[in-house]
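Please look over the sequence and the model below. A short report on selected elements comes after them.

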Amino acid sequence: MSLTVGVDVGGTKVAAGVVDPDGHIIEKLKRSTPAASTELTAKVVADAVAELRGRHEVSGVGIGAAGFVDGCRSNVLFAPHLAWRGEPLKKEVEDLVGLPVVMENDGNAAAWAETVLGAARGQEHVIFIGLGTGIAAGIVINGELYRGRWGVAGEPGHYRVVPGGRLCECGLRGCWEQYASGNALVAEAREFARRSPGAAGRLLELGGGSVEGINGPEVTQAAKDGDPCALRCFETVGSWLGQGLAALAAVLDPGCFVIGGGVSDAGELLLAPARAAFEDELTGGSYRPRAEIRLAQLGADAGLIGAADLARRVLPGSPLGSVQRTAPLSGPSPRDGRSPRRSTITANPPTNAATASRAAQLGAFQPMSVDTKR
Ligand SMILES: [Zn+2]
């Protein structure tokens, strides 16, 4: 099993790529997501896989889906930005492409990639926060993806930070992603430009003269040019980011936060105010070791690479595909030349007949535990 396809299905784009065991993308395709039609979305994924298979020999498919993926990783229970409601996406794509498919939440897939192959290599307690349209996140604890009882853990974007605050696409108010995300940054900048057009000259210039022309890249560029309005927007969003990280650290005590997504292109313009707020808000901050806050390394491809890596590890035919087994995935990685990656796959037997029957219906497979020490 050398090559697998990773597919990242987001609210606006589907990205599919052929990925090798070291996380290198051999070829990548992008398509628009027909977000309103679940049937067409599955078909777009399948067509992209079929096209890649025409040129590469691949043995499995990993899908990172922007939604709540259930405990057996077969169905998308809910997606705030797509039409999925209890969608059996794994089976739909398997039927269309004729290859085994592993599905994972997109934030989890990105967290996995950054932990195994990116910014947090060597760490075992990692929280990935991807700032884009909303917040895509994933949690790795003791070297394992933490998925919760029902598979939907790791969604801090919908943690309420302001009671009665801004309306979120999920239907609730005051969610963290309404204050710390790409959309929040743009909303902040547009509001500023509306309120004080005289002071937002550079932002408006980059936006082609209109408030609606101001998007994430324009705010980042203006801040890099030293524009005080854009810098203030990053101060505000970075501060919300840092406060949220402190709340996460209070619960999970990670060793490392990895910040990705389009907004992270701004680098220290975002991370400096985030670190300052994190240190201010962290309980007992002066008396405890603090988590590092790092920039992601794999960029927009993290979800795709992570999904492909997960497919390689758990699909039938994988050297790691058996239950309760610890075995090397490969020899020493050419990326770092250190010790081989090890993986532990543990069974989670159904606890009663009803659960067993439900698991069989849903095509459950074993949860995975991977030791990320390399
Ligand atoms: Zn929300």
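Predicted model: local features only at pLDDT ≥ 70, side-chain atom pairs only at ≥ 80, totals over all residues.

Residues are numbered from 1 along each chain as its sequence is written. Helices (H or I, at least four residues) and strands (E, at least two) are DSSP runs, numbered from the N terminus.

Five strands form an open sheet in the order 3-2-1-4-8, with mixed pairing. Two strands pair if DSSP finds at least two bridges between them. Strand 3 (25-32) and strand 8 (101-105) are at the edges; each has a single partner strand, so one side of each lacks a neighbour in the sheet. On average, neighbouring strands are turned by 15° against each other, direction ignored. Axes are lines fitted to C-alpha atoms, for helices over the stretch in contact, and angles run from 0 to 180 degrees between N-to-C directions.

Strand 1 and strand 2 form a hairpin with three residues between them. The pairings of strand 1 are these.

| Partner of strand 1 | Sense | Bridges |
|---|---|---|
| Strand 2 (residues 13-19) | antiparallel | six bridges |
| Strand 4 | parallel | five bridges |

In strand 2, V18 stands opposite V5, and V14 stands opposite V9. In strand 4, G62 is the bridge partner of G6.

Six of the six residues of strand 1 are buried, so this strand is largely enclosed by the rest of the structure. A residue is buried if 20 or more other C-beta atoms lie within 10 Å of its own, with C-beta atoms placed from the backbone. T4, G6 and D8 cover one side; V5, V7 and V9 are on the other. Helix 9 (residues 302-314) lies across strands 1, 2, 3, 4 and 8, running at about 135° to strand 1.

**The helices**

In helix 6 (residues 216-224), the buried residues are G216, E218, V219, T220, A222 and A223. They pack against helix 4 (182-195), helix 5 (201-206), helix 7 (228-252) and helix 8 (268-281). Contact requires C-beta atoms, placed from the backbone, within 7 Å. Just after helix 6, G226 takes a positive phi of about 90°.

Helix 7 and helix 8 pack at about 45°, with axes 7 Å apart. The contact includes F234 and L245 of helix 7 and L269 and F278 of helix 8.

Key
Buried ≥ 20, exposed ≤ 12 C-beta atoms within 10 Å, placed from the backbone. Contact = placed C-beta atoms within 7 Å.
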